[in-house]
Amino acid sequence: MSLRYLTAGETHGPQLTAIIEGLPSNLTIDFEEINFQLHRRQKGHGRGRRMQIEKDTANIVGGVRHGRTTGAPVALIVENNDWKHWTSVMNIAPIEGGDEEKRRVHRPRPGHADLNGGLKYNLKDLRNVLERSSARETAARVAVGAVARQLLAEFGIKVGGQVIRIGEIEAPANQLPLDELIRITEESPVRVVDKETEEKMTAYIDQIKAEGDSIGGVVECIIEGVPIGLGSHVQWDRKLDARIAGAVVSINAFKGCEIGIGFEAAKLRGSQVHDEILYTAEEGYTRATNRLGGFEGGMTNGEQIVVRGVMKPIPTLYKPLRSVDIDTKEPFTAQVERSDSCAVPAASVVMEHVVAFEVAKAFLEKFGGDSIEEIRSNLNQYLEQIGRY
Ligand code: EPS
């Protein structure tokens, strides 16, 4: 059975919950590292007031004993501090004289799940939709991905990321070694390497916020040290690049995914796109360039995995867009909700974790075993085989 996870929980409910199934035994879990990743997701210029309320930490409540996985499902929770302000509206049990009717949402926001979800689930309080469709859920996905990252790290696989674009401002390309990229972007409030771009982006976000608007962007995830041959060309749902693309577009507000040079490939000739194959006794087969982002035939080729995702601007606007009240069917143009003006830097962290999970899943499919030791021996045997090829 392959690695999988589910999440549950509402943005203003008591907590987010996740269960990860299919982890091997004897993986050492670094709790502080999971919380560090959660902290990274909370940062970034353009976040709203909610992030001052939350101090996300993951509490593991199953599948780990004395700091190591047992092979049982790993259960974890992330509490919502904001819950204390919502105990009446969001109570799990019916409560006498509750004020849920007072806080009923009947004006769907364009770009949100509100209207589709209300119609589909026959819910007249759109809060039932927005509470679950909120990007708060990505905290659980980061906690899950942080565990997957620790599995990858056990085998020398590293994950990093950066912001490529916020609105009209694009970061210049860089060829930094991954460790350095991770170190520098960590210091940046917009997760870019270049200082001048950072200043432009932060000023731009401030301007967008002052104008009551929101802004999206493009983020990139890089994974290094991945063995050749994760994923497979033989069946559509085993192609790892395709699975990654699906996972990326599943992140709240993401509208697209590129692998390597992605859409640029449409403008270039074959000779400008494909990565020439090289061989040395020390390194084996490598590529002269990495335009295809580490994938050929849906399989990893040993180069860095490079994935980009595009995030649309957050649809909760201080600037009104036209919509219709579901009670009166009358048009309306204003419903101000607390929100972020730009969550692109946070989304960059989310994407790292979502992609890391898909790579970990494919890694376990290839080298699967019930314990870390069994996986290590499978991996080493395969690496020897590749070395002889
Ligand atoms: C979100 C709206 C805001 C964000 C939230 C995502 O929350 P609230 O409605 O409570 O102000 O802060 O993001 C998070 C809570 C988070 O942890 O990222 C939305 O509508 O998607």
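Good morning. The lining of the largest pocket is made up of 15 nonpolar, twelve polar and 15 charged residues. In this count, Ala, Val, Leu, Ile, Met, Phe, Trp, Tyr, Cys and Pro are nonpolar, Asp, Glu, Lys and Arg are charged, and the others, Gly among them, are polar.

The model is a predicted one, in which local features need pLDDT of at least 70 and side-chain atom pairs count only at pLDDT 80 or more, while totals for chains, interfaces and linings use all residues. Residues are numbered from 1 along each chain as its sequence is written, and side-chain values use heavy atoms, with hydrogens and water left out.

Let me stay with the pockets. On a 1 Å grid over the protein atoms alone, a pocket is an open set of points with protein on both sides within 12 Å along at least five of seven lines, whereas a cavity is a set where a 1.4 Å probe fits but cannot get out; lining residues have an atom within 4 Å of a point. The largest pocket holds about 990 Å³ of space; a volume is the space filled by probe spheres set on the points, which are joined across faces, edges and corners. Its lining has 42 residues, and those closest to the centre are His 112, Ser 134, Ala 135, Thr 316 and Ser 339. Helix 2 (50–53), helix 4 (127–133) and helix 10 (344–367) each give two or more residues to this lining. Helices (H or I, at least four residues) and strands (E, at least two) are DSSP runs, numbered from the N terminus.

The second largest pocket has a volume of about 700 Å³. Among its 25 lining residues, Asn 174, Gln 175, Glu 220, Val 306 and Arg 308 lie nearest the centre. Two or more lining residues come from each of strand 8, helix 6 (178–186), strand 10 (217–224) and strand 16 (305–311). This lining divides into twelve nonpolar, six polar and seven charged residues.

I turn now to the helices. Helix 10 has 24 residues and reaches 34 Å from its first C-alpha to its last, close to the 34 Å expected at 1.5 Å a residue; the expected span is 1.5 Å times one less than the number of residues. Of its 24 residues, 22 are buried, so helix 10 is largely enclosed by the rest of the structure. Buried means under 20% relative accessible area, exposed over 50%, and partly exposed in between, with a 1.4 Å probe and protein chains only.

Which residues of helix 7 are buried? They are Thr 197, Glu 198, Met 201, Thr 202, Tyr 204, Ile 205 and Ile 208. These residues cover an arc of only 160 degrees around the axis, which puts them on the same side of helix 7; the arc is that of the directions from the helix axis to the C-beta atoms. They pack against strand 8 (158–166) and strand 9 (169–170), where contact means heavy atoms within 4.5 Å. The face turned away from the buried side carries the exposed residues Glu 196, Glu 199 and Ala 210.

Asn 26, in strand 3 (residues 25–28), has a phi of about 70 degrees and is partly exposed at 24% relative accessibility. Lys 329, in the loop between strand 17 (323–324) and strand 18 (331–332), has a phi near 65 degrees and is exposed at 59%. Thank you.
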